Structures are given as C-alpha cells and as structure tokens.
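Please look through the structure shown here. The paragraphs after it start from a single residue and widen to the chains and the interface.

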Amino acid sequence: MALEISMEGIEARARELGVDLSAVDLDSIDLPADEDFGILSDDEDVLRDDDFPELDAGFSNIIVVDNLPVVPPEKFEKLENVVRKIYSQIGVIKENGLWMPVNPETKKTYGYCFIEYNTPQEAELAREKTHGYKLDKSHIFAVNMFDDFEKYMKVPDTWTPAEIKPYTPGENLLKWLTDDKARDQFVIRAGTYTEVYWNDARKLAPELVFQKQYWTDSFIQWSPLGTYLATVHRQGSQVWGGESGFERLMRFAHAQVKLIDFSPGERYLVTYSSHEPSNPRDTHRVVLNIFDVRTGKVMRDFKGSADEFTTGGHTGVSGVSWPIFRWGGGKDDKYFARLGKNVISVYETDTFSLLDKKSLKIENVVDFSWSPTDPIISLFVPETGGGNQPARVSLVQIPGKEELRQKNLFSVSDCKMYWQNNGEYLAVQVDRYTKTKKSTYTGFELFRIKERDIPIEVLELENKNDKIIAFAWEPKGHRFAVIHGDGPRPDISFYTMRTTSNTSRVTKLTTLKAKQANALFWSPAGRFIVLAGLKGFNGQLEFFNVDELETMATGEHFMATDIMWDPTGRYLATAVTSVHEMENGFQIWSFSGKHLYKVSKDHFYQFMWRPRPPSLLSPEKEEEISKNLKKYSKKYEQEDQDAFNQLSEQERKRRTELQEEWDSWVAKWKQMHEEERAYRMELREGEASDAEEEYEAKEVEVEEVVDVQEEVLAFDLDQE
Amino acid sequence: MRPILMKGHERPLTFLRYNRDGDLLFSCAKDHTPTVWYADNGDRLGTYRGHNGAVWSCDVSRDSARLITGSADQTAKLWDVSTGRELFSFRFDAPARSVEFAIGDALAVITTDNFMDHTPTVQVKRIAEDVEDQTEESALVITGIKGRINRAVWGPLNRTIITAGEDATIRIWDSETGKLLKESDKESGHQKTISSLSKSPDWSHFITGSLDKSAKLWDSRTLTLIKTYVTERPVNAVDISPTHDTVVLGGGQDAMNVTMTDRRAGKFEAKFYHKILQEEIGGVKGHFGPINALAFNPDGRSFSSGGEDGYVRLHHFDSDYFNIKI
C-alpha cells in the first residue's frame, strides 16, 4: 500500500477524526534543546564532519517505556536516575539517549520516556527484559520498540472482516521428478556462482538447469525431500523452487542468520544466529526461529545466552552443536527436542510448546537421538558417582514418556548411537575401559526395536583392541559395516542382523583385510557400498557388492573430500572442495564403479544431490517391477542406444566443423608460407627451401684436427 | 615404451631444444652447463662450459654449427656445437633469459630481465658469419615492457618479434623499427604469467602456456586466438607436435610448494591434448617435480621433458599414439 499524502487527504482525515485543523498549533509542542531528531541541516553536517559517522540512522535502537509514574519537576531527577539505573544494566544508553518529555503546562512528566541504545540488539533485549517490569504496584512497565509504534498506530479501531483472496493454484513444486529421462539434479557452488544441473549420465556431461551469481551469502541447502533450495543471506533465509526454474517461494527474515535446518518432512525451518554482546564479558546471545516453510510465519522463537544452548554432549569449540533442535516422529514433524542441563526438552508442533508443559528430567544426560521413523528417543547417561552409578542407555516413548527399554553399562568411557534408517535397529557403540583403565576397547549393543520386548544383543569384535573407525547401517536393510583396526590399513567387516536360517542373531558375513579405507558410503538403495579412503588415503574408492561379497571395481579420485550417492543409488559423486587448493571439482561414477565424467571448477565449495521424496509405489509393486525388470529394461536400453547414436551424430558433426575450421587455417597458412618462400630463401642466402626431400644425402668425411701434440721421444742410439 | 632417463644435470632443467635434423638434443639447466645429447639413445655427447650462472634457454643454428645460450650470469654466449668452444660472449647488465636465432641465422633475439634498476629489454644482435667480425652492438633494443619477458621469438620472415611474459600479455613488435604492432586481448588472453611459448614448425601459429592453468594457440601473423587448452595445473612448458595434431603441456605446482605435496598431488605429468578438438588424449608421468621444459623431436616420433628434479626424460611414442582416431 503506497501512502499518498495530499492536503485534501489530511483535511478529510481531520474531519473524520473531528479535529479542527486551524486549532492545531505546532509551536506549542515543546522541543528539547540540542535535539535535531536525527535530521541534520547541511551546515551542521559540515561541522560534525570530524565526528565518528553514525552507522545506524534508523530508530530501531530506541525503545519507549510506558506506565512510568507521572511526577512533578522536583522528583523528575530522581525518576530519571531510577530509569537510567534500570536500563543501563542492559546496555549502553547513548549520550542524551534518555528523554522524558514534560508537559509544558502542568510541568509534570507524561509518564513515558524514550531510551536510545547504541545497537538495535540492546534495544530489543531491553524490551524483552523489562516489559512487564514492576516498579511498584501501580506501575508496570510497558515497553515497545519505537519502530513498532507506527505499526500499532495503523491498526484500525473497527474490525473489518479479512479479505479472502481468490485461490490461485500454486506452482507444481515437484516438477523435477517428472523428468522423462528420470535424471537427478544436483546443485554446486563454485566461485560466486551457484548452479543446478541435471546429471545426464547418457551424455556423460551435466546439463545446466539454472545458474545465478551471488545467489547466497554463505551456503545453500536442499530441503530433505528436495522440494526447496534454501539460500542464506544477511537478512535471513530464502527458499526457491517451482516448475519453471527456481522462483523465490518464501522469505524468512532473521538478521545475521548463520545456520539453518529443515524438519525431516520439510514443514518447518529452524534458523539460528548468534550475536556479539555489547559487553565483552557477557556471553553471545543466541536467537532461534522456527518458521512454517509454506506460510513463512514464525511459529516459535527462542532467545537466550549462548550458554543455555550449548549444554550437553558434543559441544565444539565454537559453541553450539548443530542442529540444536532434533526432529522426531518421522516425516510428520510432530516433535522436536533439545538437550539441556539434566533435561531433554521435547516440544510438539501442534502447539509449539513443551510436551505436557515440562521437560524430560534426566540427571546428567549427555546425548540423545530420535528414531528416524518412530517417536522414540534413545538417550545416553554416563557413569556418575565415581562408577557407583552405571552408565545407561534407554529408549523413551514419546508422547507417553515411558521407558521402553534400558540397559546399564559399566566402565564406559563413551557411547555413540546409530539408528538404522527404517528405525528397526539401534546400534550403540560403547567404548569401555580395560581393567587397568589405561586403554579402551569397543563393543556394540544391538537393539531390535520392532521385536517384542526389544531384545538386546552384545557384539564384540574378534580382536577386542581394534579401534572402530567407521560404522554404517545398510539403508532399508539388515546389514551393517564396520571399519576397525589399529594400523594404517584397517579391516572392514560386514554383519547381518538376520540370515535365512537364523533371524534373531547377528552373524558376520565377511571381513576384508587391510583396506585403504576410512569411511563407508552405503548406496541409498542398499546392497552396494563404497569403501572410501579420504584424507590420508588420498581418495581411494572401492565399490563393493555386499550381496555377492565381491569387489566390483576400484577407483581413485585423488584428494577427494566428499562422497555422495544420488538419491536413487544409481550414481556416485566424488568431489574435491576448496579445502584443497588444487584439483577442485567433481567426478561422477556409476554405482558399479565406472568412471563416467569429470568437471573441474576452481574454488569449489559445495556439491549436493537434490533429494527425492520417498517412492509412492507400494513395496509389493516395487517387488513386481524388480521381478519383471527385463521387460522394462528393454525399452530403456533402446532409448539409451538411440540417445547414444544421436549423441555421436552431434559429436561427429561438431568435430567435423572443428576440423574444417582448422583446415581453413592451415590452408591460409600454407598459402602464405608459399608466398613467402622466395623471401625466406633470400634470408637464408639462397639456401634451398624448407622441404626435406630436396635434400640430397651425401656422405662427407670431415677430418678435424682436434689437438696436435709434439713430444720428443728418446731413442736409445747406443743399442747399435 | 620405457623412457630413457638422462641424468646429466645437477639442478632443475630450464629448457630443451632439438636441432633441425632431430639427432641432437640440447638441454639447459640451472647448473651453469648446457649439455648436448644424442636424441635417439640419450647418450651424452658433450657439455658447454663457461657460464657462471643458471642457463635459461638456448637455440641452435640451422646447420647445427652454432649454439647460443642465455644465462643468469648476465651474458649470452655463442658456442661451436661440435667442439664445445666458446666463440663469443654478449655482455648485458641484467640476466639474459630468452635467446633465438632468426631465419638465416644472421640475427638473434635476446631478452634481459628486470634486475636492480634495469627494466627488461628485448635486443636484436647481428650474428657475424665469421666470429672475428662479431660485435656486441645491438641492432635494435625494445623497452617499455613491465614485468619479466619469459620468451621472445621471431615472427614469420623475421619481420616481427613476439614476446610474452609476466604481465600475461602477448605482444608483436616490428623487428625493424621496434614499434608495437599488436597486443593480446585482456579478456580472451591469459590471466597470469605466461611461462612458455613454442612455435609450429612453419611458424604460422604458436602456443603459449601460462600459470593460469591453460595453454592457448595463436595465429602468428594476426595474433588471433584459435584454441584454448584447459588443465588443472599451472603450465610451465608447452610444445606443438610437428607431425600430428597434438600439443603437449607440462607443469605442476610452483617449485616452492612442491615439497608440501606428494608426487601425484603435484601432477607432474606431461599432458597431451588434441590440437583441434582441445580434448585431453593422454598423459605421461614420471617426473618427481614440475616439468619445466618440453620439446618434440622434429620427426614427431619422440619427445623429451625436463623437470625440476634435474632429469631429462626421453620418450619414444608407442605405436598407439600414431593410431589415435578421434
């Protein structure tokens, strides 16, 4: 709504309000001395030149405190001191930043004042802290941001029914899934550009979908189902997507946002920022917002000091362990939880408040994680009381908060929890001290969540001293892989939770000895796994088929830093990001380890496959398709062949063109070369021309005196 | 085929040059002593002793009688190829970097570095047929280029001189008057120091290698950019095959960073590209340091590479190379 102000408009408005314009005397308003309301006249500007320039010219650092006592001039100073005392605790009040207006007739104050801080953050904090502050019984502060006044003033006094906008059909956000070649998309960030491509494995090259320079200020992220691409800016986060390219779908204002996180069902977006305190002794202030992705509304915000948000297990040096809020209850986004001191706070998204209005009290809890599919929390409490109280892992059902299963563990040094992605199993990796307490060894506690009473099985490695380097469940499967060992070439073992003959015991499938690997990447479809040697191993790759227990292929992407399967498990991307100066770029491999193509990009920051939502086919239907795969594949093989033929046709054409272009250059050069022949001969003083065949091979013997030495030889003449 | 390793230098190689017949290979290194080898089997034939500093480049006359070398000892020297005798020494007030004989071998172009207060120069010297008549006098001096000139060569018919160097710009000068005729385009040209320049056998086009990780092919007369070859490494050395449509690029990390990476990380590989399609067709590994010099044998059947590691590696192409079909 544009505001058009004309004299007629003002008069009309005045009549409406019953104000006599002629009676308004602007001169009667008392202006404080030395105040210019931030409006500088030109000459003052010049005079002020030496001063530090004002960085923030807005009013966002001013608050208005209402409900102050109305006091006569005698008590003015006292009240001002009280107010100053209260508000200077929160932040630095600007010089002349406290102004309490006085009624010129009664000489009494009006009962409100203005306070100007150095930063909007301080003002915001002051509003939060003192709104509702009880000065005494009859004076409860009402604090507002100066900027908000305008907003509140605009609220009309009479209620008018909300205008219902006609329904406009939204864009089809899932268009990319209907690609007729069933390709997958990925996004890369290199230099100042962010680009989205199709992975076109048939053409052995990526096909550009969308490109934008300076699209994001820090990073980009797909939502978990691939519907949105989120960008992060100074003012907040934005999501993009849609049918035709990438349109902006929603903005989420959050100043200086640092981190973002989507809920698994991508209904909510959590944004995080931390702000430098004005007083260096204070801790950073942390602001978290939870937005509804589709409407853009803030559903809940959390504010506090950084300390409140950093309690709990794996805190890094930088403070928070992200994500602070972990989402549970599967794709419905029903719950989210946060670890606090001795508590786990579980919130529900129906009301965005604490479940049952109170947190889950657990003494000394250091870590928890959600089942990926069910509202079950697994949590870990370390040993306390010098070993008198054992460490424990327990499973808690939400919303009932009843404990489903618990296991006490002794002499534990650390614990890690790995959920299988269908929520069927939970593996707890337990590091225990040996009897001497000098070293640790590792075992696994395997929970079968879906079975009655949740049986637990203990698994220990054959060599108990082996260090565990990596652990990974097979997605949608019953197997897991472990990299273990102490030396430079660790072993990799595969286990299964069930075999055809034995469904309730874990069985080892095989151990691969002495591998150059330190990371495991299961195909999202299961069955295949890439054993990767990152960092110290320089990017060794081994493509392993776990069904057949055989290596399909080995490869190397030198210095690779990141490895990502596409969401269908058909292709693998390996990338060298800008952590290395050299070799930046990515390579695409087939699931079986065939190198398909490679793209080099300098300053390569990010590579992310666009996730796909789960298949809509029922498991039976999928089964049927995989049974009749031959029938379907025939059609696609034909298409592949056609595409290949077409490609080679195009490629041939391109090459012919290049060749022709080159030939024209060569012809031109040849002609000029001929024309210049005479000159060249002249330069060579008549020596025969350039061509070799005009040479006549002649055997010439050249004798050269390299050295002449004269020596006097003594002859024995007396012999005669 | 297995390469022939030629270990004769104690310091990094700087330049390689075949004579016209392709039976001799001249190598320059930072160890003061240019060396001549049999280009076929890699036997060392002899050395040229007399320089007192790193030798940056050399050229051999058409009849393989004379060798000219440019050195950091602030001289360029003429040598008798067969005896190794020093014939003449041009003295400069800065290190001499690039040297080349013109058609007819009656002229040579020599560049000097920016050194102390001296700005880089391009100088043309007359080469007398009889050494007795040789003088140090310059026929032409070109100045005004900022930044080291890494290579200066003659254009077609000795009419022009082509220079390239640190300022990433290729310039064509009139070899009579010293007037600047053409300059490469800032946009399409190289973005970083041009490290090397090599001409086609008929001098109609030439290739430049740059630290901006690319090599570019240019028309010698019009300075039109014809092709660009992109690689992942700074390019230190380039050459054009005299017989096939291939070019070779060599390089690697800066010498100062080499110790921080392992052999493969540096990619000390001579990479072959299809000259017309600009596609990479192969690579030859082996050096333990960046490749500083590359040269095709004039018969096109072998090439040699010189590395920071002090080795010259002589490779005879496999039959596969001659059967490449694209």
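Ile376(A) is buried, with a relative accessible area of 6%; buried means under 20% relative accessible area, exposed over 50%, and partly exposed in between, with a 1.4 Å probe and protein chains only. This is a predicted model, in which local features need pLDDT of at least 70 and side-chain atom pairs count only at pLDDT 80 or more, while totals for chains, interfaces and linings use all residues. Residues are numbered from 1 along each chain as its sequence is written, chains are lettered from A and ligands numbered from 1 in the order in which they are written, and side-chain values use heavy atoms, with hydrogens and water left out.

Ile376(A) belongs to strand E24 (residues 376-381) of chain A. Helices (H or I, at least four residues) and strands (E, at least two) are DSSP runs, numbered from the N terminus. Leaving aside residues up to four places away in sequence, Ile376(A) touches Ser369(A), Trp370(A), Ser371(A), Leu395(A), Val396(A), Gln397(A), Leu404(A), Trp419(A) and Ile449(A), where contact means heavy atoms within 4.5 Å. Ile449(A) is 73 residues from Ile376(A) in sequence, and the two are 9.7 Å apart in space, C-alpha to C-alpha.

Chain A as a whole has 9 helices and 43 strands. Of its 720 residues, 39% count as buried. Among the contacts in chain A with a separation of 6 or more, 45% come from residues 24 or more positions apart.

Next come the aromatic rings. A pair of aromatic rings is described by the distance of the centres and the angle of the planes. Rings of Phe, Tyr and Trp (its six-membered ring) pair if their centres lie within 6.5 Å; planes under 30 degrees apart count as stacked, over 60 as edge-to-face and the rest as tilted. Over all chains the structure holds 57 aromatic pairs. One of them joins Phe607(A) and Trp609(A), which are edge-to-face at 5.5 Å centre to centre with 80° between the planes. Phe607(A) is buried at a relative accessible area of 6%, and Trp609(A) is buried at 7%.

Trp665(A) and Trp669(A) make a tilted pair, because their planes are at 35°, with the ring centres 5.5 Å apart. These two residues lie 4 residues apart in helix H8 (residues 629-675) of chain A, so about one helical turn separates them. Trp665(A) counts as buried at 13% relative accessibility, and Trp669(A) counts as buried at 2%. Lys668(A) lies over the face of Trp665(A), 4.3 Å from the ring centre. A charge sits over a ring if NZ of Lys or CZ of Arg is within 6 Å of the ring centre and within 35 degrees of the ring normal. In chain B, the charged end of Lys7(B) sits over the ring of Tyr311(B), 5.1 Å from its centre. Elsewhere in chain A, one aromatic cluster is formed by Tyr268(A), Phe302(A), Phe325(A), Trp327(A), Phe336(A), Tyr347(A) and Phe352(A).

How do the two chains meet? At their interface, 35 residues of chain B are in contact with 33 residues of chain A. The chains bury about 3,000 Å² between them, 51% of it on carbon and sulfur atoms; buried area is the accessible area (1.4 Å probe) that two parts lose on being put together, summed over both. On the side of chain B, Arg62(B), Leu157(B) and Arg221(B) lose the most area to chain A, together 20% of what that side buries.
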